[in-house]
Amino acid sequence: MAKKQTAGRDVLGEFAPKFAELNDDVLFGEVWSRETELSPRDRSLITCSSLMTQGAPQLEAHLNIAKENGVTKEEIVELITHLAFYAGWPKAWTAFTLAKEIYGESNEA
């Protein structure tokens, strides 16, 4: 089962308490916990795909979650390569930069 999410409350709890509650309790507490419908691994692949196509900054956090949920480097590379043709080359470059950091390969030349 997915671990209890507190990021909403940690970051926005005092500023936007209802949003923080919805983030932690509904999105992560109710939706992400529906593991009989979709595994956390599959949810991570879907979420990373969506965030990459939007160019959303939350992609970095979700790449970390994907790694924790068992998504391999090879799968992330394939996901980004595939979506590059649908979402755009610059978004793929950005996603690859994040994935390379998260999956432990430095930028040394």
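Reader: What makes up the accessible surface of the protein chain?

Author: This is a predicted model. Its accessible surface comes to about 7200 Å². Carbon and sulfur atoms account for 59% of that.

Reader: How many residues of the protein chain are buried?

Author: Buried residues make up 30% of the 109. The cut-off for buried is under 20% relative accessible area.

Reader: Which elements does the protein chain have?

Author: There are 6 helices and 0 strands. From the N terminus on, the order reads α-α-α-α-α-α.

Reader: How do you know that the span of helix H6 agrees with its 14 residues?

Author: The expected span is 1.5 Å times one less than the number of residues. For H6, residues 89-102, that should give 20 Å. The end C-alpha atoms are 20 Å apart, so the two agree.

Reader: Which residues of H6 are buried?

Author: They are Ala92, Ala95, Leu98, Ala99 and Ile102.

Reader: What do the buried residues of H6 pack against?

Author: Three helices are listed here: H3 (40-54), H4 (59-68) and H5 (73-87).

Reader: Which residue with a positive phi follows H6?

Author: Gly104 does, with phi near 85 degrees.

Conventions. Residues are numbered from 1 along each chain as its sequence is written. This is a predicted model: local features need pLDDT of at least 70, side-chain atom pairs count only at pLDDT 80 or more; totals for chains, interfaces and linings use all residues. Side-chain values use heavy atoms; hydrogens and water are left out. Helices (H or I, at least four residues) and strands (E, at least two) are DSSP runs, numbered from the N terminus. Buried means under 20% relative accessible area, exposed over 50%, partly exposed in between (1.4 Å probe, protein chains only). Accessible areas come from the Shrake-Rupley method with a 1.4 Å probe; for residues, only the protein chains shown count as cover. Contact means heavy atoms within 4.5 Å.
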